[in-house]
Amino acid sequence: MLGAGRGRFRSLPVNSLAPNILTVLALCAGLTAMRFALLDRWQLAVAAVIVAAVLDGLDGRLARLLKGATKFGAELDSLSDFVSFGVAPVFVLYLWTLKTVGGIGWIVVLIFAICCALRLARFNTALDDPNQPSWQSNFFTGIPAPAGAGLVLLFIYISFELGDTFWRSPILNAPWTLVIAFLMVSRLPSFSFKKVHVRRDWVLPMLLAVAGMAAALVSFPWYTLSALSVVYLATLPFAFRTYQRLARDHFRMPPALTAGAEAEVLPTEEA
């Protein structure tokens with residue numbers, strides 16, 4: 001029996017292991033962010049959270065690309081997301097500024113972490129809903145945890161460039177943290193960029209834009225991250241309007257046509 005178990009373990013395909021490796025690396029990055037915060041190395045702490053977000057974005061895409069998605073990987077990803085995006089960012093923020101207001105700052109930290117946990121639990125539950133219209137897969141309910149982690153650190157980005165005399169104030173950061181926590185658990189739709197398709201004539205401009213953004217991140221990382229945060233917030237009203245329009249169109253469509261449209265879309269998404 002022991003030998004048979006070892007044989008099954010040795011036959012584990014690499015394509016199911018590679019995404020889990022990225023997930024573990026993301027978890028390590030989130031934990032390392034807290035270590036850097038304890039050492040007052042704020043830029044490295046924030047950078048570690050950003051690295052965790054990048055790795056989190058890659059692991060799911062790699063799993064779908066290699067067709068290596070597993071239930072174990074999904075559970076590991078949720079636990080990693082909670083630590084890296086629900087705990088690490090506000091831990092950094094607490095040591096950076098919120099601790100100066102004592103218990104109030106800690107309450108803010110707890111609210112953010114709990115909202116992140118609730119958001120992840122709601123997301124995992126929604127995956128099992130068989131009645132969800134196919135077009136809703138283009139949206140998240142509330143902002144995703146990695147986006148929340150990036151947004152809650154906005155004033156730290158700005159302080160690295162403009163100084164922390166004003167931006168480090170807990171009076172500014174505590175309400176901002178609560179706003180981002182609310183956005184995570186809200187019903188506000190936000191765009192999911194996982195299934196965005198780019199027209200062929202836009203491929204070259206898109207590649208140039210990505211190259212430009214990469215150059216900006218290297219040359220002016222904190223300005224660039226601040227700008228990306230503001231741009232993401234600006235997309236929320238457009239996501240809400242688009243969601244409402246699609247919802248109206250869906251309910252106006254006759255049931256037979258709705259079923260036919262979903263039947264056409266679903267096999268493409270699974271592929």
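Buried means under 20% relative accessible area, exposed means over 50%, and partly exposed is anything in between (1.4 Å probe, protein chains only). The model here is predicted, so local features need pLDDT of at least 70 and side-chain atom pairs count only at pLDDT 80 or more, while totals for chains, interfaces and linings use all residues. Residues are numbered from 1 along each chain as its sequence is written, and side-chain values use heavy atoms, with hydrogens and water left out.

**Exercise 1. Classify the ring pair of Tyr94 and Trp106, then say how buried each partner is.**

Step 1: get the rules. Rings of Phe, Tyr and Trp (its six-membered ring) pair if their centres lie within 6.5 Å; planes under 30 degrees apart are stacked, over 60 edge-to-face, and the rest tilted.

Step 2: apply them. The centres of Tyr94 and Trp106 are 5.2 Å apart with 70 degrees between the planes, which makes the pair edge-to-face.

Step 3: Tyr94 sits in helix H4 and Trp106 in helix H5, 12 residues apart. Helices here are DSSP runs (H or I, at least four residues), numbered from the N terminus.

Step 4: check burial. Tyr94 has a relative accessible area of 19%, so Tyr94 is buried; Trp106, at 40%, is partly exposed.

**Exercise 2. Describe how H4 packs on H7.**

Step 1: the axes (lines fitted to C-alpha atoms over the stretch in contact, with angles from 0 to 180 degrees between N-to-C directions) are 11 Å apart, at an angle of about 50 degrees.

Step 2: name the orientation. Under 35 degrees is roughly parallel, over 145 roughly antiparallel, 65 to 115 roughly perpendicular and the rest oblique, so H4 and H7 are oblique.

Step 3: list who meets whom. Val92, Leu93 and Trp96 of H4 meet Phe155, Ile156 and Ser159 of H7, where contact means heavy atoms within 4.5 Å.

Conventions: Helices (H or I, at least four residues) and strands (E, at least two) are DSSP runs, numbered from the N terminus.
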